[in-house]
Amino acid sequence: MGALLLLATTVGSAAGQESSTLAAERRAYADWLSTSTTSPLAAVAMHRLEGRVTLGPDTADIPLRGFGPAVVTERNGAATFSGADGKSRPLPRGRPVALAPWTLQVLGSGGGSVLMVFGKPSGIPPGWYGVDPKLSFSARLEAPARRERRRILTLDGIEVEAETAGHISIPLGPGGTRLLVMRMPVPGTEETELQVYFRDQTNDRGTYPAGRFVELTEAPGGSYRVDFNKARNPFCAYSSVYPCPVPWSGNAIPTPVEAGEKYLPTKPGS
């Protein structure tokens with residue numbers, strides 16, 4: 001009896017710690033959305049950087065009120081900002097550069113570079129479902145029959161070259177569901193993440209219509225943990241500035257997944 005009580009206490013304590021950690025992650029994310037200069041709630045414009053992009057006047061590629069004529073150019077992978085005063089300054093890829101009252105950031109890489117312009121964050125931070133431990137699963141990653149590289153959009157609407165990592169099977173829906181996993185590059189690093197972009201029966205009924213992302217993390221014994229309590233919206237849920245990823249074929253879960261991030265439209269009826 002003592003051993004069973006100790007086991008129950010240990011399991012309950014671990015679950016409580018996990019729930020507390022997740023709550024802290026959600027608070028930090030909501031704070032970032034509400035305050036960061038590069039929050040999707042602050043996004044003003046996204047424009048493909050094909051040689052040059054003009055900013056400022058109404059006739060510019062990106063009209064910006066109170067901003068003198070300027071141009072951003074990209075040559076040999078390096079981006080440069082040139083203002084009305086004729087002075088130039090580099091725009092290091094991935095690093096936000098403040099040019100009051102705006103912030104500029106170059107994202108993506110060769111052939112897929114984009115220029116982002118941010119102002120002040122405005123809009124509604126995310127809502128979340130309550131934490132449901134039953135919607136966190138351990139799964140084996142089935143190797144793909146053939147590894148393929150694809151140009152796809154990430155959570156933040158940036159086009160990258162990702163690789164098929166395989167499939168996982170989870171016990172949701174009649175007979176379970178098999179989901180495609182992609183290995184996605186992490187911007188500005190040599191690292192990658194295993195991600196699933198999925199749809200379920202809460203889409204447009206509490207969650208974003210286009211679907212949500214969830215990351216796979218390594219678990220003991222060579223398996224992976226997929227925790228739908230950590231599912232997040234693509235950035236197009238916050239701002240129409242971002243293009244929405246196309247739902248991945250086959251990644252539809254035929255049951256509601258009431259976990260992770262909800263969708264709170266920023267405008268009535270939207």
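**Notes on the predicted model**

1. The secondary structure of the protein comes to one helix and 16 strands, where helices (H or I, at least four residues) and strands (E, at least two) are DSSP runs numbered from the N terminus. This is a predicted model, in which local features need pLDDT of at least 70 and side-chain atom pairs count only at pLDDT 80 or more, while totals for chains, interfaces and linings use all residues. Residues are numbered from 1 along each chain as its sequence is written, and side-chain values use heavy atoms, with hydrogens and water left out.

2. Of the 270 residues of the protein, 44% count as buried (under 20% relative accessible area, with exposed meaning over 50% and partly exposed in between; 1.4 Å probe, protein chains only). The protein exposes about 14,300 Å², of which carbon and sulfur atoms supply 53%; accessible areas come from the Shrake-Rupley method with a 1.4 Å probe, and for residues only the protein chains shown count as cover.

3. Among contacts (heavy atoms within 4.5 Å) with a separation of 6 or more, 54% are between residues 24 or more positions apart.

4. A cis peptide bond, with omega about 5°, joins Ala100 and Pro101, and Pro101 is found in the loop between β7 (97-99) and β8 (102-107).

5. Asn76, although not a glycine, has a positive phi of about 55°; Asn76 lies in the loop between β4 (70-75) and β5 (78-82) and is exposed, with a relative accessible area of 86%.

6. Asp204, also not a glycine, has a positive phi of about 70°; Asp204 sits in the loop between β14 (192-198) and β15 (212-218), and is exposed at a relative accessible area of 61%.
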